[in-house]
Amino acid sequence: MGEAPIFHFNDERESIVTEVVGRVTRGARDPSMLLNDAAYHELKRLEQRPGDERAEYLMFREVARTARKMSEEDRRRKVEDLARFYAQDVAGNFNPRVYALTSKVLPRALAALLAPMDVASALRSTTLLQKHLVTQGPVDAIKKLAKRGTVIFVPTHLSNLDSVVFGFALEREGLPPATYGAGKNLFTNPLLSYFMHNLGAYRVDRRIRHELYKDVLKTYSCVLLERGFHSLFFPGGTRCRSGVVEEKLKLGLLGTGVEAYVNSLRRGREQRVFIVPATINYLLTLEAATLIEDYLSEVGRNRYIIEDDESTQLSRVVTLVRRLVRSSGSVVIRFGQPLDPFSNRVTEDGRSVTPRGRSVDPASYVTRRGVAVPDEARDAQYTRELGEAICRSYARETVLLATHLVCGAAFARMRDAYPQADLFSLLRHKDEVFLPQDEFVRRVADLLELACAQEDREALVLAPGVRQARPEELIAEASRAMAEYHTRPALSPTEGGFMLSEPSLLLYYQNRLAVSGLGFHPARRSGP
């Protein structure tokens with residue numbers, strides 16, 4: 001396909017920042033409230049570690065001291081200053097040379113990790129990586145839509161590796177590179193920061209909670225979409241701690257899709273916006289042990305940013321990637337049916353089609369007598385409905401791999417062993433439940449049969465080779481994979497079967513079954 005809009009991003013960067021600042025400032029209905037809200041939240045955050053961001057701490061202490069005394073004009077000017085401060089910090093960068101280098105080097109570098117015994121061959125070819133990272137879905141249709149309008153990719157989010165593998169999948173399939181928001185904490189790694197900074201990532205500081213910052217983020221996203229920059233959002237927000245497929249989304253950035261579309265109509269130049277749900281599915285998740293423990297702990301539920309998990313340890317990344325080489329299709333990215341901002345499916349020629357099969361003009365949802373009309377309440381409802389449609393797509397497009405089915409069968413055995421135990425009591429029974437091999441095979445076979453029936457109804461997807469595999473093969477693949485990667489294996493082979501050694505890991509991987517009803521659901525405390 002032709003050169004993507006992002007290749008011209010740097011030429012527009014300053015005008016993008018200026019437009020964001022102008023919109024935020026003009027849209028500030030109550031500058032006094034915005035300033036006081038920002039000062040309150042930032043001083044509360046920064047007073048815990050003022051030395052790390054001393055300049056910001058002093059800046060907001062001054063805002064808190066003077067905001068009440070300012071004239072209305074001065075308050076609006078201060079809002080403008082802060083909006084510019086944040087917009088400059090958020091705004092990304094795109095270096096075509098770094099992109100070209102990364103497109104050539106990254107696949108071979110990952111392939112070398114996947115094939116440590118044959119580094120020379122791996123560096124000459126990306127065949128190994130293509131074998132282990134599978135891409136599925138209506139790729140050709142998405143390519144055509146990318147030429148007709150702006151595409152927003154909205155994948156599930158399990159790991160800090162998601163951006164890397166998803167970006168590689170886009171490049172390999174000939175889909176356009178996209179701008180995307182990345183947690184500011186990820187920019188602390190010099191190597192990772194270099195590539196993210198030069199490949200279109202914009203910085204999102206999830207520690208900052210006040211409204212002015214949120215306005216800057218949403219406006220920045222909206223301006224990018226209006227200018228035709230394809231985007232990538234993780235609408236679940238942060239990585240899913242439990243491993244359950246997202247069933248409820250954060251709608252802030254997602255809502256910029258309909259806003260950008262309405263704004264394009266108001267300017268008289270319709271810019272179509274297409275939303276593409278996708279699932280990212282791993283045989284093994286890099287940070288599984290840390291994420292599930294964080295989910296389960298009361299303290300962890302209040303930690304929004306994890307800075308000390310396995311993704312910060314290069315040795316753990318290398319171990320994971322090398323382990324994945326042993327299984328074909330160990331990472332599966334599956335694109336779902338494209339949608340418009342009003343939850344209608346979109347055909348490859350750009351037609352919006354309602355659930356009843358009727359073609360509809362998307363502009364009709366936001367116009368009155370042919371004129372596009374802004375309406376925040378209306379658009380918020382459209383976005384809520386879109387979020388629900390994306391979650392339904394996630395459920396249909398979730399890909400089950402061997403670890404999910406095998407851990408589902410094992411965790412069901414644990415629940416049968418302690419039928420009266422609550423979840424937290426159950427997880428304390430480490431190395432106490434023995435699962436005989438013949439019973440294990442039967443349980444996996446039964447679960448696989450149910451999964452096949454759901455796949456026949458297009459309710460989920462089985463990874464390549466899973467449907468045809470014998471239960472014994474799935475058990476061997478999953479138990480070996482987890483034993484060779486995780487510090488403490490979930491399943492410990494013993495004479496005649498397995499001990500269930502790490503119930504929290506069994507829970508994490510089986511949680512991928514929860515959305516389809518095939519496994520225990522930790523939030524609902526229910527299961528088959």
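## Nonpolar cores

A nonpolar core is a set of buried Ala, Val, Leu, Ile, Met, Phe, Trp, Tyr and Cys residues joined through side-chain atoms within 4.5 Å. Buried here denotes a relative accessible area under 20%, exposed denotes over 50%, and partly exposed lies in between, with a 1.4 Å probe and protein chains only. The structure is a predicted model, in which local features need pLDDT of at least 70 and side-chain atom pairs count only at pLDDT 80 or more, while totals for chains, interfaces and linings use all residues. Residues are numbered from 1 along each chain as its sequence is written, and side-chain values use heavy atoms, with hydrogens and water left out.

The largest nonpolar core holds 87 residues, of which F153, F335, L405 and F440 touch the most other members. Helix α16 (residues 402-417) gives the most to this core, contributing 8 residues. Because domain 2 (127-178 + 230-397) and domain 3 (399-513) both supply residues, this core lies between them; the domain bounds come from an automatic or database domain assignment. Apart from this core lies another, of 68 residues, which includes A38, I208, C222 and Y261.

## Overall composition

The protein has 20 helices and 17 strands. These elements are DSSP runs numbered from the N terminus, helices being H or I over at least four residues and strands being E over at least two. Of the 528 residues, 55% count as buried. Among contacts with a separation of 6 or more, 75% come from residues 24 or more positions apart, a contact being heavy atoms within 4.5 Å.

## Cysteines

The structure holds 0 disulfides, a disulfide being a pair of cysteine sulfur atoms within 2.5 Å. C222 counts as buried because its relative accessibility is 0%. C391, at 12% relative accessibility, also counts as buried.

## Strand pairing

Two strands are taken to pair if DSSP finds at least two bridges between them. An open sheet of 3 strands runs in the order β8-β9-β10 with antiparallel pairing. Strands β8 (345-346) and β10 (359-360) stand at the edges, each with a single partner strand, so one side of each has no neighbour in the sheet. Strand β9 (residues 352-353) pairs with β10 in the antiparallel sense over 2 bridges, and V353 stands opposite S359 of β10.

A hairpin is formed by β16 and β17, with 2 residues between the strands. Strand β16 (residues 491-494) and strand β17 (residues 497-500) pair in the antiparallel sense over 4 bridges. L500 in β17 is the bridge partner of L491. Within this hairpin, G496 takes a positive phi near 85 degrees.

## Buried threonines in helices

T403 is found in helix α16 and counts as buried, at 0% relative accessibility. Leaving aside neighbours within four places in sequence, T403 is in contact with Y282, L283, L284, A478, M482 and Y509. The side chain of T403 reaches the backbone oxygen of L283 at 2.7 Å. T403 and A476 are separated by 73 residues in sequence, and their C-alpha atoms are 9.9 Å apart in space.

T383 is found in helix α15 (residues 376-397). T383 is buried, with a relative accessible area of 6%. A polar atom of the T383 side chain lies 2.9 Å from the backbone oxygen of D379. Not counting residues up to four places away in sequence, T383 touches L251, L254, G255 and V258.

## Buried loop residues

N93 is placed in the loop between α4 (72-90) and α5 (96-114), and counts as buried at 14% relative accessibility. A polar contact of 2.9 Å joins the side chains of N93 and N10. Such a contact is a pair of N or O atoms within 3.5 Å; within protein, one must be able to donate a hydrogen and the other to accept it, and residues adjacent in sequence count only if both atoms are side-chain atoms. Not counting residues up to four places away in sequence, N93 touches F9, N10, H197, N198, L199, G200 and A201.

L286 occupies the loop between β6 (272-282) and α13 (288-296). L286 is buried, with a relative accessible area of 2%. Although L286 and N160 are 126 residues apart in sequence, their C-alpha atoms are 8.2 Å apart in space.
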